[in-house]
Amino acid sequence: MADTDAALKTPTDLNRNDTKSVAEALNGILADSFALYLKTKNFHWHVSGPHFRDYHLMLDEQAAQILATTDVIAERVRKTGNTTLRSIGDIARHQTIKDNDAEFVSADKMLAELREDNLKLVELLREAKDIVDDAKDNATSGVLDDWTDQAEERAWFLFETSRKG
């Protein structure tokens with residue numbers, strides 16, 4: 001096993017102890033991104049009601065945006081010389097965003113739950129920003145700003161969509 005671990009140690013000029021903290025933060029964000037992606041797709045598949053088409057399309061767009069970040073997150077972990085998540089079980093061990101396995105969820109409750117989940121992700125991204133800045137990991141710091149903006153925009157859209165005229 002030690003040979004495999006050594007083989008995965010990508011060279012980096014960043015401090016190894018710092019990159020371990022960066023990797024832990026990013027792996028948590030990656031797990032929550034997968035959880036949020038699947039929940040968003042779940043709600044996309046199961047949304048119903050008078051605004052079906054609008055909600056269905058918005059949730060699909062949001063899910064695609066979330067999924068697009070996952071590869072970049074995992075690759076940032078690898079670029080810092082660490083390993084990333086390997087399985088659904090690994091995701092489950094790291095995620096803080098709760099799954100929703102309910103048989104039926106009203107559209108209003110879907111929007112509210114996803115809004116809160118996106119805001120939770122914003123909190124995690126801001127916490128990670130402090131960690132990567134302390135590690136002097138400028139590249140990760142920059143993309144965290146983009147991911148934070150995207151999650152804030154999703155939360156905003158979900159909020160505005162759920163407002164009653």
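I looked up F157 first. In this predicted model, F157 counts as partly exposed, at 38% relative accessibility. The residue lies in helix α6.

Next I went to the loop between α5 (107–134) and α6 (138–162), where D137 lies. Buried or exposed, I asked of D137? D137 has 3% relative accessibility, so it counts as buried, the cut-off being under 20%. I looked for a partner of the D137 side chain. It makes a polar contact with the side chain of T140, at 2.7 Å. I also took a C-alpha distance from D137 to T80. The two are 57 residues apart in sequence and 8.7 Å apart in space.

I stepped back to α5. This helix has 28 residues. From its first C-alpha to its last it reaches 41 Å, close to the 40 Å expected at 1.5 Å a residue. Just after α5, I checked the backbone of K136. K136 takes a positive phi of about 60°.

Last, I looked up G49. Where does G49 sit? I found G49 in the loop between α2 (16–46) and α3 (52–79). G49 has a relative accessible area of 42%, so it is partly exposed. For G49 I noted a C-alpha distance to S106. G49 and S106 are 8.4 Å apart in space and 57 residues apart in sequence.

Technical notes
Residues numbered from 1 in each chain as written. Predicted model: local features only at pLDDT ≥ 70, side-chain atom pairs only at ≥ 80, totals over all residues. Heavy atoms only, no water. Helix = DSSP H or I, 4+ residues; strand = E, 2+ residues; numbered from the N terminus. Buried < 20%, exposed > 50% of the residue type's maximum accessible area, 1.4 Å probe, protein only. Polar contact = N/O pair within 3.5 Å; in protein donor to acceptor, adjacent residues only side chain to side chain. Expected span 1.5 Å × (residues − 1).
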